[in-house]
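Here are my notes on the model, written as numbered points. Have the coordinates open while you read.

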Amino acid sequence: MPMRFYQLQRPLPETAKHWSGSLSAEHVWTLPGVECPTCHETWSGQLSLPGVDLSSLLEQDSLVEPRVEPHAEYARLAALVQPLLPLGMMAEPGMQFGPLRGTAHGAWGPLSARFGWEVLVTQEALRHLQAAGIRGLVPVRTELQGLEAGVALHELELPIRGLLHRDSVLTGPKCRTCGWYETRIAPEPWLDGDALPHEVDLFRPENGTTYTLVNERFVEAVHALGPSDVTFREVRVMPVSRSGSLH
Ligand SMILES: [Zn+2]
């Protein structure tokens, strides 16, 4: 049997929730959005890398306020950040760094999805996932006031691996100045079976970094923790993978 893959999502708003947890928090640092003189787009991406620490930068104070800057200023700040990013990762407008800082309210289940793609786990759930041998866990402890006594929340920084299948993603040409390109992703995209990551159990595809993908090992480990306010939509794989079998 080939490994099955799933997209982790938030339950629909009308679904009754198991947990009351909510938060008002931001990552510590952010690159500004960009106003591009070449393509005339003003844009920000949505990717956060909570494990990246910018506290060594002399200009870290210019990397706190979310805003839009002309391309020259954006490029200057992006060049400061670039050496601190994981290998192969390019800085992009609006990219956020550092732990979530702010306030939390209510009771938290084992796993939660902020905005549908940022994944939060309790300390206890993290321990269980680690004990179950889940691969690709990079937890970053949040800095939140108001959590119940004894509760700690970690955000998972997901490895960027694999690809949504090219037939489910339409992309236009890339702007030579700011890197912007038009992209349209099918409502239920599928995965490229020739580019599946087999060394991790959760990941974000390179061409769809707001998609949180997990495999059946991860889903089984999460279900063993009791109810969480997340859903798992099975994602097709084309062509069907001949490697990465369970047996
Ligand atoms: Zn541009």
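1. Let me start with Pro 139, which sits in strand E10 (residues 139-141); strands here are DSSP runs (E, at least two residues), helices are DSSP runs too (H or I, at least four), and both are numbered from the N terminus. Pro 139 is partly exposed because its relative accessible area is 31%, where buried means under 20%, exposed over 50% and partly exposed in between (1.4 Å probe, protein chains only). Between the C-alpha atoms of Pro 139 and His 128, eleven residues apart along the chain, there are 13 Å.

2. A word on where this comes from. It is a predicted model, so local features need pLDDT of at least 70 and side-chain atom pairs count only at pLDDT 80 or more, while totals for chains, interfaces and linings use all residues. Residues are numbered from 1 along each chain as its sequence is written, and side-chain values use heavy atoms, with hydrogens and water left out.

3. Now the metal. Which residues hold the zinc ion? Its protein donors are the SG atoms of Cys 36, Cys 39, Cys 175 and Cys 178, lying 2.3 Å from it. Donors are N, O and S atoms within 2.8 Å of the metal (3.2 Å for Na, K and Ca), and water is not among the atoms, so sites may look incomplete. Along the sequence, the donor residues follow the spacing C-x2-C-x135-C-x2-C.

4. Why call the zinc site tetrahedral? Because the four donor atoms subtend angles of 107 to 111 degrees around the zinc ion. The rule is that four donors count as tetrahedral if all angles lie between 85 and 135 degrees; four count as square planar and six as octahedral if opposite donors are over 155 degrees apart and all others between 65 and 115, and anything else is irregular. For reference, ideal angles for four tetrahedral donors are 109.5 degrees.

5. Cys 175 counts as buried because its relative accessibility is 12%, and Cys 178 is buried at 11%. As for disulfides (a pair of cysteine sulfur atoms within 2.5 Å), the structure holds zero.

6. Most residues other than glycine have a negative phi, and most peptide bonds are trans. His 40, in the loop between strand E3 (33-35) and strand E4 (42-43), has a positive phi near 65 degrees. With 66% relative accessibility, His 40 counts as exposed. Phe 115 is not a glycine either, yet its phi is positive at about 55 degrees; its place is the loop between E8 and strand E9 (118-122), and at 43% it is partly exposed.

7. One for the cis list: the peptide bond joining Met 238 and Pro 239 is cis, with omega about -10 degrees. Pro 239 belongs to the segment after strand E19 (237-238).

8. How much space lies in the largest pocket? About 1,200 Å³. Of the 43 residues that line it, Met 90, Glu 92, Tyr 181, Glu 206 and Thr 209 are the closest to its centre. A pocket is an open set of points on a 1 Å grid over the protein atoms alone, with protein on both sides within 12 Å along at least five of seven lines; a cavity is a set where a 1.4 Å probe fits but cannot get out, and lining residues have an atom within 4 Å of a point. Grid points are joined across faces, edges and corners, and a volume is the space filled by probe spheres set on the points.

9. Helix H1 (71-81) gives the most to the lining of the largest pocket, with four residues. By class that lining has 23 nonpolar, 14 polar and six charged residues, with Ala, Val, Leu, Ile, Met, Phe, Trp, Tyr, Cys and Pro counted as nonpolar, Asp, Glu, Lys and Arg as charged, and the others, Gly among them, as polar.

10. The second largest pocket has a volume of about 390 Å³. Its lining has 19 residues, with Arg 10, Lys 17, Gly 21, Ser 112 and Ala 113 nearest the centre. E8 supplies the largest share of that lining, four residues.

11. Finally, the search finds one cavity of 30 Å³ or more, and the largest cavity holds about 40 Å³ of space. Its lining includes Leu 47, Glu 155 and Arg 204, and divides into six nonpolar, one polar and three charged residues.
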